[in-house]
Amino acid sequence: MIQSTDEKDIEIERRFVPKAKDINDEIAWAQINKDVLRSMERPRLMYWVIFLASLALFGFGVYCEIYQYQNGLGVADLENPQVWGLYIATFIFWIGMSHSGTLLSAILHIMHADWRKPIYRFAEAMTTFSLMTAGLFVLVHLGRVWEFYYVVAYPNERWAWPNFNSPLVWDATAIGTYLTSSIVFLYFGMIPDLAICRDNAKGVRKKFYWLLSLGWQGTDRQWANFRVAYLTVACFLIPLAVSVHSIVATDFAVSQQPGWHITSFPPYFVAGALYSGCAAIITLFIVLRYVFRFEEYMTMPILDKTCRLTFAIAMVWTYLNLVEYASVWYGDDPVAKQTLLFRATGDYAAYWWAMNFLGSVVPFALAFKSLRNNIPVMLVVSLLLNLGMWLERFMIVTPTFAHGFYPWTWTDHWMPSWVQWGIVAGSFGWFSMLFMLFCKIFPTVSMYEVKEMVYHRFVARKARA
Amino acid sequence: MSSNKIDRRDFLRVLGISGAAATLAGCGNTSIESGAELVESYVQPEDFVVPGVGVYYASTCTQCGSGCGIMGRVREGRILKLEGNPKSAISGGKICGLGQAGVQMHYNPDRLTKPMLREGDGLKVVSWDKAMGVLNARLGSKSTLSGQQIAFLTGEISGHQKVLLANFLESFGSTNHVVYDALSPVVGHGANKAVYGVEQPVLQIDKARLILSFGNDFLGTGPSPVRMAAQYARFRKAPRGTLIQIEPRMTLTGANADRWYAIRPGTEGVLALGLAHSLLQHPEFAHSIPQELAAALKPYDKETVAEITGINADAIPHMASLLWEKSPSLVISGPSAEGHVHGFSNATAIHLLNLILDNRGKTLQGQANHPFPQLSPAFGSYTALAQLNQAMSAGKCEALLIMGCNPAFTAPTFVPFANNMGKVPFKVAFTTQLDETSRQCDLVLPILSPLEDFGTHVAGYQPAGVELMIQQPLMEKLYPETRGIGDILIDLLKQRKPDAYKAFPDYYAYLKTAVVKAKPVFKVKESDDDFWEDALRNGVLRLDLPPAPIDARVAAIKVSAPQATEMGMQYPFYFVPSVKADLRDGRHANLPWLQESPDPMTSVAWDSWVEIHPTTATQMQIREGDILEVQSATGSVRAKAYLFPGIQPDTVSMPVGQGHTGYGRYADGIGANPFKILDPNFDEQTGELAMYSTRVIIKKTGENAKMIKDEGPTTLQQGRKLVVTMAADQAELAKEITRVTQ
Amino acid sequence: MSLSNLIKNWSSLRVKRPYEGQYKDKDYKWAMVIDLDACTGCNACTTACYAENNLPVVGKEAFSKGQAMHWIRIERYWGEGDALPKFPERGAQFLPMLCQQCESAPCEVVCPVGATHHTPDGLNSQVYNRCIGSRYCSANCPYKVRYFNWWQYPERAWPNPLEQQLNPDVTVRSKGVMEKCTFCVQRLVEAKNRARTEGRKVEDGEVTTACAQACPTSAITFGNLADSKSQVAKMWERQQIDLAKDKQEKSDENMRGYRIFEDLRTYPSIVYMERIRDLQA
Ligand code: SF4
Ligand code: SF4
Ligand code: SF4
């Protein structure tokens, strides 16, 4: 029954809503509160399915990690010189995922792009959780996790500092900063909504939201301060986000290895990050829209805009990717050229071509409106794009080890062991588990901003009329 | 000693000093008791161990027969590492990888720590009293065995252990000391003896300007690899010598050659005769050999030889002219030329070149005649084992004592040694670790490792003068219930011949007396104790003797009609077993360092493999790692294919030494044992097993497995300029500074 | 206080290495020469290194996965380009490859915790206690001579009583740390200490590495480059190689010395001497 109303709504939307109409401006504010708060109540079956599946995956990942911890990294079938494997590739992938949340939220906020409002909250949550996941990979990957704090610059009696020349230290610092700021940004943006939650909750939950909403009453002064603070953090985050992935790129670009020692790596990495992040937003958009019935807020025009943004970024990425190939091909480093050729024709050629196809050709699906408006197609496309982006990271890390400077140590069809795959799978479980938990504890759609949006539309329509 | 009733001749024989030395050795007074204490205290912490400081003691490496002098680094009473002993000319302060691994034989986790006695199907741990009781009951004073009924089977052995062993057999009226070596040098020795009058001439590698080697792997598995490697290094310095290697499968030495030729196995003699033919065209050599021999060489023109050997016809006069230009040269034959039915003639044909080129006295010399021939090694042979095997199968052997060889593993299938052991009522093994042979024995006695025991060694190949190598314990014995072989033999001899041996409380006393007896030979003016102490300190007793001359017996060289080798349809491939310098015949497969040390040619470790030429592999659609069945008329083994360019295309090769089934955790279940597919072909002249004459067929099994190797998917430098090569005429070695020639 | 120390020594973190005359006033700069014409590929050096430096035997399984721990490995090539010759008529090309102790080591800059760093006598050292096992150094080493402890070898490589062979002067590494050739630093330390108590410098030939000591052909020469009278210093000079120069300025074409991957400006401390082949033969 509800289904049919939905369809009817969409039908109406298609026929009568003008092009720029991202959201139905006739939704009552109370309805918004009700809809969003409803998503935080007793979960639907679908929620349980996703949550438990994630939990199981995560559990398996934890098992793999314990196994690896006890026996040594040898169980991952890592070797000399294939020292990194999936861990670093997946680390970059997750770091990349974390970019679009900030982009959507901060940049579009500053640019007053209203359509971000219903979706930025979950995008920011995605940022935070993927950063945490990426952080896990740093730990999983270390030979001696129990000494991880050596990387942190903290004053100590032994005068032992980390090596400030090392991109890994820059990494640790940048990711740490980015994670903290992202959490702060996410939290700041949530305060007015937490107050709404507080007002609607009972018992322990009320206490919890009361604590978190920091006494928000919605006074004018509070709003004024809030806006300044929010804008400041947003402005702060933008250069930070760009720097984080640039720094991850320097992990490779600073080294001398063929296939890594490439000047265009930082922008290339940033583009790749935004790309995979946007693709992930599309995926989550569709999932949330379905699982929490957010059709009213996560509307097709917003999806359409996100898709167009993704398409633009995909093209930027494609360009930078080609720049990379061209600069290696026309450069005079025979070793780098050999490694590039190896990527295209060697052991991992299938992955390389798949990555290029998924990264550069599949996004053209986003150029067609009919496809953009087809939810199942978009779900598949967004997943494919992310697969492509993951392959990109794999293709950066592995072939350089397999076919680097030193021919004696080249490897032959090296593939990660089940432990690595298990941990990678576990990371997806961990991410979606956290995300699902978040959805039940915090409002995934920003209530106050949607209200703003509705209000603006309403006012605009009134004015037009 | 004054109470000694035996006469002096006997006494000297007991000590292994008679013959030439007997006239030199006076009968002095020896103080044995002091030594008896020393053997206990030598490695005791109080006197010799400074905590935290490594001290070096000299000894002798027993990992192979070269007898290199070594120094052991001992710290806190533990032997840690072996280095070469610079005082010994054989090692020159250097050591090979196999020698290094001696410590792992000593510390091997699979060492036998207690005596074991057969009980039904299995071996049970017993006490030494019980074990010696059994031994004495069978071989003690009451034993009536004699002659052929008792046999002592060993590997190559020298020094006083050999003497004691012979004396022990003699007490039964037996001389049945059977020496077996799976990689026996007997054919080569026989040919040397026939042509030069000596079994093993000294190769002056560094004096040669050109070395032409027919499969002699002197750098890897030769009679004295460390010494020869040092000479080789000098050979490569100004004026730089040239090395040409001709063999069916590239050995380590071949890999270092300036020019390497792949030859059809078994046709080395033909090539040598072709070279002789070519050389004789030159007036300088025309009269170097008798007319009739020269006439017999007529048929060996370059086309015929090229046809037979598979070597390019133009290469033959080219090699001949190099031989002529670069004098003095040195032509040597090696196992892959000698291990054929006509191996002996192959070798003599090769030696003919030395005679034509007049290398005698220049690059080929005789070993110095030394005063203690009894201490010289007995070289092992296949024939000795075959005879013993026959006696055993006929039930003539009543007691078999085994030490230092593993025929159950190395003997070919047609010598069912392991089965025939069942027909011997009493079998004793003296070993540091259970192996396939000792597992079949009735009594297994755990002996001291070479790093725990005393001994003397005289290398079969004495490169300069003569060295009597002294082996001494580098640490206290690891396991209380192990005993030195010398002590066991002395105990037995005391039963057999109480009079002759009662003067020696133990083996140490015997050895010291024996070594001190040799003092006059070394012409030193020291007290006996000082002499002994010096011998222990230096690890070697050197005699600087001049090299002996060698003969040129042209008559020994037989030239028969060129042997055309037919390609058998049934077994189309030649089978060349290869010997890995560190595993040898498999006796070192229990040492983890050596298992993990990649084969220099293929970089494979922990495995066996079948080498096959890439073109042949392409024809047969064989890829690396395909599991092949190598089948001869005698049997078959399976191993992974390895595509190897350094092999004659009609040949396949497999390393020996792997495929153990009862030799401890590091050896068992690794690879396959190609000894078991050798065909019963024998050298016509000496009757030795012709190891390189087996023919096989290769079958694909359809399985494939990952090659366990160090190299990556490429064996090429890919333009990386890693190993740069310079042409010999460009290099100015004389201007260089180098450590090699110092 | 460590912060002030950091600030005070900040400049030393950023020193450019090597520079002309860097070791002029220093007592030691260890270096090596390997003569590829003398090297026969016999593997004695590898085994010597296992014995000296407590290298674990990883076993069949791990070896086949490429987890071997040979600090010095003998490589064998069949040719220079990328086409395999039908027969290796000029023999094999053997190359003993060990840590090049780069003066400007790519592995050092990238280690996040400074576990691998340069010592005053020019060694590229590895501090096991500090290593967190990020393996970045291995990723960045062009020679790929760093070996990681993928397994807990102390528990599996030395079954009793093999552990009694372990060299007490050398740490036994546990899982999760990186290791590589140290130029047998324990021997160098011992020699330096001995010399210091005797009030002198280590003399040429007084100390050598295990691989150089074992090598039957004396293909490896080890010594102190800071001592201009040492054998190694003389060889470097004769081969016209200057530690502080990234490019060998060779006026004499007949000299055989070269450094591998000079172009990468790693400034290796090991000079190789070209292999020679008599092409007339
Ligand atoms: S050549 Fe033989 S005796 Fe010499 S060190 Fe090697 S194994 Fe020992
Ligand atoms: S060779 Fe590799 S490990 Fe050694 S110093 Fe250079 S970069 Fe570092
Ligand atoms: S210098 Fe020492 S640590 Fe380095 S490879 Fe040689 S023996 Fe091993």
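This is a predicted model: local features need pLDDT of at least 70, side-chain atom pairs count only at pLDDT 80 or more; totals for chains, interfaces and linings use all residues.
Colleague: Which residue is the bridge partner of B:Ala727 in S11(C)?

Modeller: B:Ala727 has C:Arg277 as its bridge partner there.

Colleague: And the rest of that contact, how many residues does it take from chain B and from chain C?

Modeller: Chain B puts in 100 residues and chain C puts in 91 residues. Between them, chain B and chain C bury about 8,200 Å². Carbon and sulfur atoms carry 56% of that area.

Colleague: How many salt bridges between chain B and chain C?

Modeller: The count is 10 salt bridges. One of them pairs B:Arg240 with C:Asp37, and their closest N and O atoms are 3.0 Å apart.

Colleague: How many residue pairs are in polar contact between chain B and chain C?

Modeller: There are 53 residue pairs in polar contact, counting those with both residues at pLDDT 80 or more. On the side of chain B that touches chain C, the residues split into 51 nonpolar, 23 polar and 26 charged.

Colleague: OK, on to chain C and chain A. What area do they bury between them?

Modeller: About 4,500 Å² is buried between chain C and chain A, with 57% of it on carbon and sulfur atoms. The contact draws 55 residues from chain C and 49 residues from chain A.

Colleague: Which three residues supply more than any other three of the area that chain C buries against chain A?

Modeller: Those are C:Ile132, C:Tyr136 and C:Trp150, which supply 15% of the area on the chain C side.

Colleague: What is the salt bridge count between chain C and chain A?

Modeller: One salt bridge. C:Lys65 forms a salt bridge with A:Asp77, with the closest N and O atoms 3.0 Å apart. As for polar contacts, 32 residue pairs turn up across the interface of chain C and chain A, both residues being at pLDDT 80 or more.

Colleague: Which element gives the most to the side of chain C that touches chain A?

Modeller: S2(C) does, with five residues. The residues on that side of chain C comprise 31 nonpolar, 13 polar and 11 charged.

Colleague: Switching to ligands. Which residues surround ligand 1?

Modeller: The shell is made of chain B residues, including B:Cys61, B:Cys64, B:Cys68 and B:Cys96. B:Gly67, B:Gly99, B:Pro225 and B:Val226 are among the others. Helix H5 (97-100) and helix H10 (225-235) of chain B are the elements that give two or more residues to this shell.

Colleague: How does the shell around ligand 1 divide into nonpolar, polar and charged?

Modeller: Eight nonpolar, four polar and no charged residues.

Colleague: Which residues come nearest to ligand 2?

Modeller: Of the 13 residues around ligand 2, the nearest are C:Cys99, C:Cys102, C:Cys107, C:Cys141 and C:Arg146. The shell around ligand 2 has eight nonpolar, three polar and two charged residues.

Colleague: Last one, ligand 3. What surrounds ligand 3?

Modeller: Ligand 3 has chain C residues around it, among them C:Cys49, C:Cys181, C:Cys184 and C:Cys211. C:Trp71 and C:Phe183 also belong to the shell. Helix H3 (44-53) and helix H9 (210-214) of chain C supply at least two residues each.

Colleague: How many charged residues are in the shell around ligand 3?

Modeller: None: the shell around ligand 3 divides into nine nonpolar, three polar and no charged residues.

Technical notes:
Residues are numbered from 1 along each chain as its sequence is written. Chains are lettered from A and ligands numbered from 1 in the order in which they are written. Side-chain values use heavy atoms; hydrogens and water are left out. Contact means heavy atoms within 4.5 Å. Buried area is the accessible area (1.4 Å probe) that two parts lose on being put together, summed over both. A salt bridge is a side-chain nitrogen of Lys or Arg within 4 Å of a carboxyl oxygen of Asp or Glu. A polar contact is a pair of N or O atoms within 3.5 Å; within protein, one must be able to donate a hydrogen and the other to accept it, and residues adjacent in sequence count only if both atoms are side-chain atoms. Ala, Val, Leu, Ile, Met, Phe, Trp, Tyr, Cys and Pro count as nonpolar, Asp, Glu, Lys and Arg as charged, and the others, Gly among them, as polar. Two strands pair if DSSP finds at least two bridges between them. Helices (H or I, at least four residues) and strands (E, at least two) are DSSP runs, numbered from the N terminus. A residue is near a molecule or strand if one of its heavy atoms lies within 4 Å of it.
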